[in-house]
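Please read them with the structure open beside you.

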Amino acid sequence: MAVCTLDRITLALVSLAANIAANHPKKGLCQLERLRSYGVSEDKIAMVVDIARHLRNEAGEMLDAEFDREAQVEETAPAIVAPASLDTISAGACGCSTTAKGNACC
């Protein structure tokens, strides 16, 4: 089996996104510092941060909505509307929405 390696910038971008999306306690600050030292533009970093936050928030909304359905929780606040589940996504469609800033997450 061939070993595939990522270049250092791609690896740092993926790691930053994963840290943010997973709510990692270290927050991806190390990767942020690395990316800046590699000369990656602030626009590119901001796009990765935006997409990672969007995915993290979307996952949280889906979990909350599923919990509310299972627990039959009634709230006075507006109900959380979860994005399409994997079961309802048609073949060939990713089912993701764009971020608030208009960045595609898939």
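1. I would begin with the largest pocket, whose lining is made up of L16, N19, I20, N23, H24, K27, G28, L29, L32, V49, R53 and R56. The elements that contribute two or more residues to this lining are α1 (8-21), α2 (29-37) and α3 (42-71). Please keep in mind throughout that this is a predicted model, and that the values below are computed from it.

2. The space in this largest pocket comes to about 170 Å³. Sorted by class, its lining holds five nonpolar, four polar and three charged residues, where Gly is counted with the polar group and Lys and Arg with the charged one.

3. As for the overall layout, the chain contains three helices and zero strands, and its elements, read from the N terminus on, follow the order α-α-α. Of the 106 residues in the chain, 23% count as buried, a class that requires a relative accessible area under 20%.

4. N23 lies in the loop between α1 and α2 and has a positive phi of about 55°, although it is not a glycine. K27, which is also placed in the loop between α1 and α2, has a positive phi of about 65° and is likewise not a glycine.

5. Finally, I would draw attention to T98, which lies in the segment after α3. The C-alpha atoms of T98 and L55 are separated by 9.8 Å, while the two residues are 43 residues apart along the chain. With a relative accessibility of 48%, T98 counts as partly exposed, since that class runs between the 20% limit for buried and the 50% limit for exposed residues.

Conventions. Residues are numbered from 1 along each chain as its sequence is written. This is a predicted model: local features need pLDDT of at least 70, side-chain atom pairs count only at pLDDT 80 or more; totals for chains, interfaces and linings use all residues. Side-chain values use heavy atoms; hydrogens and water are left out. On a 1 Å grid over the protein atoms alone, a cavity is a set of points where a 1.4 Å probe fits but cannot get out, and a pocket is an open set with protein on both sides within 12 Å along at least five of seven lines; lining residues have an atom within 4 Å of a point. Grid points are joined across faces, edges and corners, and a volume is the space filled by probe spheres set on the points. Helices (H or I, at least four residues) and strands (E, at least two) are DSSP runs, numbered from the N terminus. Buried means under 20% relative accessible area, exposed over 50%, partly exposed in between (1.4 Å probe, protein chains only).
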